[in-house]
Amino acid sequence: MENNLPVNVREYQELAKKALPKMAYDYINGGAEDEHTLRENIAAYGRIILRPRVLVDVSKIDMSTTLLGYNMPSPIIVAPTGGHKLAHPEGEKATARAAASCNAIMVLSSGSSYKIEDVASSCNAIRFYQLYVYKWREVSERLVRRAESCGFKALVLTVDTPMLGRREADIRNKMVFPPSANLEELKKINVDTTGGSQLEGFARATLDPSLSWKDIEWLKSITTMPILLKGIAVEAGVAGVIVSNHGARQLDYAPATIAALEEVVKAVAGAVPVLVDGGIRRGTDVFKALALGARAVMVGRPVFFGLAARGEAGARHVIEMLNGELEVAMALCGCRSVGEITRSHVMTEGDRIR
Ligand code: FNR
């Protein structure tokens, strides 16, 4: 196998499917209800066309960028995804090492199978911490303080999950989630699993559906870390927004994220960086997102698939492949730096109608 490595994310997905029990693969791959948005997240990228540029000296391509003042060698960030032990016994520790070896920022999920402290000590990298607001604010507060004292640099507050979307594969499989290491205090609660998915039962018991703008004020009052909002746009004095539909696992028939990006970028009008995630499987997808105004992108399932297929090496290879593909896309579009990627390098469906 090692002589015959996958050459793209889709091949990693196939390997992951073979390697994983059905319950784990379905949990990673699946989306909400009819999975319309899941298909659209990917299909919408396919409808955006690139405009090549030639006879530009592209002997040096610089993919680096910055976010919140941190230098990144490329605009690719590892999205927060929970339960990496489902894919590999080393779980998030392996993923964090993979990200660190590429100098990529990793956002650690609050559904991590390993404790914040264990992931933090397993490698030296810039890390952000993803937070859910629980019914018990003191639990969220403790997580924030632990992340801060472990040197995490920013908080990613997920605001699209006041309750869990209906992930029917998980319901059917009676999905059992690996214990979330950070949430020891929550393990005592009674999780109702009559609905099938244990994850859904856990989410129902713990996530606070009353989450609203005032909670962002509260969060700002307990931390000095900058806050990125994931799953929504603008305001409330945050440091950035992430255009995300949670990998199509929450509201089905929500728009594909790449289709919503430009509108959000216009509304934000440069006030804060805008990131996007969902459906990115190619370097050309990263290029398209940047052309439509994203500062950086996050990838979820691809890294998870890499981890499932080949552990840390697989997760690292996925990030490297996406970086390599982005480099080629930039060269063939005549862009020597990410700053040279412009709106005129892409043609969307809207452009064709106009
Ligand atoms: C997620 N996502 C997610 N988001 C979050 O804020 N907290 C979490 O714990 C998780 N967990 C999670 C698990 C799995 C298996 C997946 C696939 C996704 C959403 C994630 O951060 C991101 O928005 C999407 O994964 C992006 O879409 P792609 O790249 O998977 O298509």
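Predicted model: local features only at pLDDT ≥ 70, side-chain atom pairs only at ≥ 80, totals over all residues.
Figure 1. With 23 C-beta neighbours inside 10 Å, Y132 counts as buried, because the cut-off for a buried residue is 20 or more. Y132 belongs to the loop that joins strand 6 (127-131) to helix 6 (137-149). Apart from neighbours within four places in sequence, the contacts of Y132 are S110, T158, T161 and L207. The unreviewed UniProt entry lists Y132 under "binding site", together with Y27, R167, H246 and R249.

Figure 2. H246 is found in the loop between strand 9 (240-243) and helix 10 (257-268). This residue is buried, since 23 other C-beta atoms lie within 10 Å. Once neighbours within four places in sequence are set aside, H246 is in contact with D160, T161 and G231. T161 is also among the contacts of Y132.

**Figure 3. Burial of strand 7 (residues 154-158).** Five of the five residues of strand 7 are buried, so the strand is largely enclosed by the rest of the structure. Both of its faces are covered: one side carries A154, V156 and T158, the other L155 and L157, and all of these are buried.

**Figure 4. Pairing of strand 7 with strand 6 and with strand 8 (residues 227-230).** Strands 6 and 7 pair in the parallel sense through four bridges, and Q130 stands opposite V156 of strand 7. From strand 6 the chain passes through helix 6 to strand 7, forming a right-handed β-α-β crossover. Strand 7 also pairs with strand 8 in the parallel sense, over four bridges; here L157 has L229 as its bridge partner in strand 8.

Terms used: Residues numbered from 1 in each chain as written. UniProt positions renumbered as here; feature names shortened; annotations may be inferred. Helix = DSSP H or I, 4+ residues; strand = E, 2+ residues; numbered from the N terminus. Buried ≥ 20, exposed ≤ 12 C-beta atoms within 10 Å, placed from the backbone. Contact = placed C-beta atoms within 7 Å. Pairing = 2+ DSSP bridges. Right-handed = clockwise from strand over helix to strand, strands pointing away.
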